[in-house]
Amino acid sequence: MLSEVSRGEADRDLRDLSEVELMTDRAALENLSAVFRAQGTIMVCHVCDEVNELIAGIIVLRASEEAWVLCGPCLRKIPMQGPLAS
Ligand SMILES: [Zn+2]
């Protein structure tokens, strides 16, 4: 039972890795930020929770329908292949 669960988790992780998308489009980020503000909240980095850092990108995990909001410093810590939009 336990081993079945962990095997399923590993499968899901592998699928996530192949369907990760990094969104760094500044206009889209600002639009999203405006939507959050309109709801009385703000986008905060998922890694450091630093409210004063500007959000620089969002990592979308399509398989699990998760999105990680990341500030500039945290985004640069993540080893992504290919050039990041600046
Ligand atoms: Zn951060």
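In what order do the elements of the chain run from the N terminus on?

## Fold and basis of the model

From the N terminus on, the order is α-β-α-β-β-α, and the chain holds 3 helices and 3 strands, where helices (H or I, at least four residues) and strands (E, at least two) are DSSP runs, numbered from the N terminus. The model is a predicted one, in which local features need pLDDT of at least 70 and side-chain atom pairs count only at pLDDT 80 or more, whereas totals for chains, interfaces and linings use all residues. Residues are numbered from 1 along each chain as its sequence is written.

Of the 86 residues of the chain, 10% count as buried, a residue being buried if 20 or more other C-beta atoms lie within 10 Å of its own, exposed if 12 or fewer, and partly exposed in between, with C-beta atoms placed from the backbone.

## Contacts of Ile55

Neighbours within four places in sequence left aside, Ile55 is in contact with Leu29, Ser33, Met43, Cys45, Val69 and Cys71; contact here requires C-beta atoms, placed from the backbone, to lie within 7 Å. Among contacts in the chain between residues at least 6 apart in sequence, 48% join residues at least 24 apart.

## The loop residue Asp49

Asp49 is located in the loop between helix 2 (26-38) and strand 2 (55-61), and Asp49 counts as exposed because it has 9 C-beta neighbours inside 10 Å. From C-alpha to C-alpha, Asp49 and Leu70 are 9.1 Å apart in space, while in sequence they are 21 residues apart.

Notes
Two residues are in contact if their C-beta atoms, placed from the backbone, lie within 7 Å.
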